[in-house]
Each structure stands twice: as structure tokens, then as C-alpha cells.
Amino acid sequence: CNHFFALFCGAQKAKAKHKERKRKRQKTTPEQTMDKYKRVLKEREQEPIKENEVRIVATSQRSSRNYISYSINLLTAEGEKAQRSVTLRALGRAINKAISICEIIKRRVAGLHQITTLESNTIVDSYEPLVQGLEPKDITRTVSAISIVLSKDPLDTSNPGYQAPLPASEVQTEEEARAARQARTAD
């Protein structure tokens, strides 16, 4: 009986040592290590926004409707504010929003040529420690970006991101869309 107990205890000790070694070998996740750091907000170097450029942000309080109406106003304005093209730009999670906005604009303004460009930007985030004895960290991350040019003038058709204007049957101007909405609410 003693012999069996010794084997059992030995097996238990070996199992405990194995678990301890396994726990030590496990890598800590970034969330576990980064909870001891605070992100340092710094001004990013950005080129100035052009008159015909719309930068779309995913976390913005602005609704998509504001981006759409602003872009349509730029394309349909007369006089000094009139633009022949509009560029929609977005980073990361805002890319889906930018594509949706672009498709709505193309269905509200007739004859828009489109060129879409995808790229990736490298962003460096700085973190300072909340606990003494730790070193500041810089973390580099790559973020996808999209740039969509909508133009009344013909664009380079050999560009891989080129899309021809939609057929007139698929375009409903802003006035027509407003009249259709009013007709629906009147019924």
C-alpha cells in the first residue's frame, strides 16, 4: 500500500511541476502587458485637407448623411464653390462607411467617374508606463486606407481602380429622391 501511495504522490508532484512549467512557457498577451501602460496622445503629421476632400471617420458623431450632403453640394454647386471632383478618404474601420457613402453619391449625381485606391499606412503609437521600472514603448501598426475620387470629368480608364459612370436609369437626383420620399409620406 505504501508503494502505491508513493507512486501516486510522485505522479501528482510530476503533474504539478508540468503545469508550472507550462504556465511559465505561456506568453503573456498584449492586453496583459499593456494594462500597465497609458497611451500618449500626440499630433499626427497630416497633410492639409483640400477643398474637394472629405475625410470620413468611423467614430465620428456625424452621420453618413452629413458626408453625403456635403459631397453632393460640392459636386452640384454653382459659382466659386463648384467642384469637378470630390475625394473621399478613410482609414481602418471607416473604409466600409466611405464605400457606402460613395455608392449613394454615385446614385444621386449623374455621370460620375470613379477611381479607387487602396493603401496601407504605418502608425506608431507611444505608451508610457503607469508603473515605475518599466520602459516607454512604441508600437508600430499598419492600417488600411482608401481614397475614392468621384469626378464629372473622364478619368484614366486604364487605372485598375476605375469604374465607369452608372447608367442614367440607376441615378435618381437629389430632387427626385426628395419628391419620392414626400410622395411616400403623403400616402
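## Ground rules

Here, buried means under 20% relative accessible area, exposed over 50%, and partly exposed in between, using a 1.4 Å probe and protein chains only. This is a predicted model, where local features need pLDDT of at least 70 and side-chain atom pairs count only at pLDDT 80 or more, while totals for chains, interfaces and linings use all residues. Residues are numbered from 1 along each chain as its sequence is written, and side-chain values use heavy atoms, leaving out hydrogens and water.

Helices (H or I, at least four residues) and strands (E, at least two) are DSSP runs numbered from the N terminus.

Buried in α4 are Ile95, Lys97, Ala98, Ile101, Cys102, Ile105 and Lys106. Down the axis of α4, they fall within an arc of 165 degrees, so they line one face of the helix; the arc is taken from the directions from the helix axis to the C-beta atoms. The cover over them includes α3 (64-76), β3 (85-91) and β5 (137-151), with contact meaning heavy atoms within 4.5 Å.

## Packing against α3

α3 and α4 pack at about 45 degrees, their axes 10 Å apart. On the α3 side, the contact is made by Ser64, Tyr67, Ile68, Ser71, Ile72 and Leu75; α4 brings Lys97, Ile101, Ile104 and Ile105.

## Serine 147

Over in strand β5 we find Serine 147, buried with a relative accessible area of 8%.

Terms used. Axes fitted to C-alpha atoms, helices over the stretch in contact; angles between N-to-C directions.
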